[in-house]
Amino acid sequence: MAVLHLTRKEHFNAAHRLWNDRWSEEKNNEVFGKCANPHFHGHNFDLHISVKGTPDPDTGCIINLKDLKKIIHKEILEELDHKNLNIEVEWLSHCIPSIENMAISIWQRLLPHLPPGVELSKIVLWETHNNYVEYYGE
Ligand code: NI
């Protein structure tokens, strides 16, 4: 049976700050630079979510795209869009909200909501035109 990867692109805006509480202000500024700004800073994030599966013979689709959209909106976008990621998002409160940690947390949050037979295969999170991370669940 053919296995395909299907990707949905989404977008959200959010603010964050890279800061390690265990470090001095000097060290935070040295390591994170402008990203340590105590007043936070914003990004226009692009999020690509890929799932893997075999097309259902009745629909020709791996997953109903309306369902996938609904899951992503409810679990991720409503939680992150126009939020302060350091303060307002309980499921990011355990980590520094870098794009690396965000991608891992987004993966963990989506995983239990996918229908049987559909696997999460990749999450790509763009922070700027120059920087993005890819996560494959390892
Ligand atoms: Ni940033």
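I take two strands as paired if DSSP finds at least two bridges between them. Helices (H or I, at least four residues) and strands (E, at least two) are DSSP runs, numbered from the N terminus.

**Ground rules.** I am working on a predicted model, where local features need pLDDT of at least 70, side-chain atom pairs count only at pLDDT 80 or more, and totals for chains, interfaces and linings use all residues. Residues are numbered from 1 along each chain as its sequence is written, and side-chain values use heavy atoms, with hydrogens and water left out.

**Overall.** I noted three helices and five strands in the chain. Read from the N terminus, the elements run β-α-β-α-β-α-β-β. The C-alpha trace spans about 60 × 25 × 25 Å along its principal axes. I call a residue buried under 20% relative accessible area, exposed over 50% and partly exposed in between (1.4 Å probe, protein chains only). On that scale 38% of the 138 residues count as buried. For contacts I use heavy atoms within 4.5 Å. Among contacts between residues at least 6 apart in sequence, 67% join residues at least 24 apart.

**Sheet.** I traced an open sheet of five strands, in the order β3-β1-β2-β4-β5 and with mixed pairing. Its edge strands, β3 (83-84) and β5 (132-135), each pair on one side only. β1 and β2 are antiparallel over 13 bridges, and K9 has H48 in β2 as its bridge partner. Strand β4 (residues 119-126) pairs with β5 in the antiparallel sense over four bridges. These two strands form a hairpin with five residues between them. Within the pair, V124 stands opposite E134 in β5. I also checked the faces of β5: V133 and Y135 are on the covered one, Y132 and E134 on the uncovered one.

**S50.** I placed S50 in strand β2. S50 counts as buried because its relative accessible area is 6%. Leaving out residues up to four places away in sequence, S50 touches L6, T7, E119, L120, S121 and K122.

I looked up the donors, meaning N, O and S atoms within 2.8 Å of the metal (3.2 Å for Na, K and Ca); water is not among the atoms, so sites may look incomplete. The nickel ion is coordinated by NE2 of H16, H41 and H43, at 2.0 to 2.1 Å. H16 in strand β1 (residues 4-16) and H43 in strand β2 (residues 41-53) are 27 residues apart and link distant parts of the chain. Both H16 and H43 are buried. The donor spacing along the chain is H-x24-H-x1-H.

**M102.** I found M102 in helix α3 (residues 99-110). M102 counts as buried because its relative accessibility is 1%. Beyond its neighbours within four places in sequence, M102 contacts F12, F45, L85, L92, P97 and L125. I also took the C-alpha separation of M102 and H73, which is 16 Å for 29 residues along the chain.

**Pocket.** On a 1 Å grid over the protein atoms alone, I count as a pocket an open set of points where a 1.4 Å probe fits, with protein on both sides within 12 Å along at least five of seven lines; lining residues have an atom within 4 Å of a point. The largest pocket holds about 230 Å³ of space. Its lining has 13 residues, of which W19, D21, N86, C95 and I96 are the closest to the centre. Grid points are joined across faces, edges and corners, and the volume is the space filled by probe spheres set on the points. I sorted the lining by class (Ala, Val, Leu, Ile, Met, Phe, Trp, Tyr, Cys and Pro nonpolar; Asp, Glu, Lys and Arg charged; the others, Gly among them, polar). That gives six nonpolar, four polar and three charged residues.
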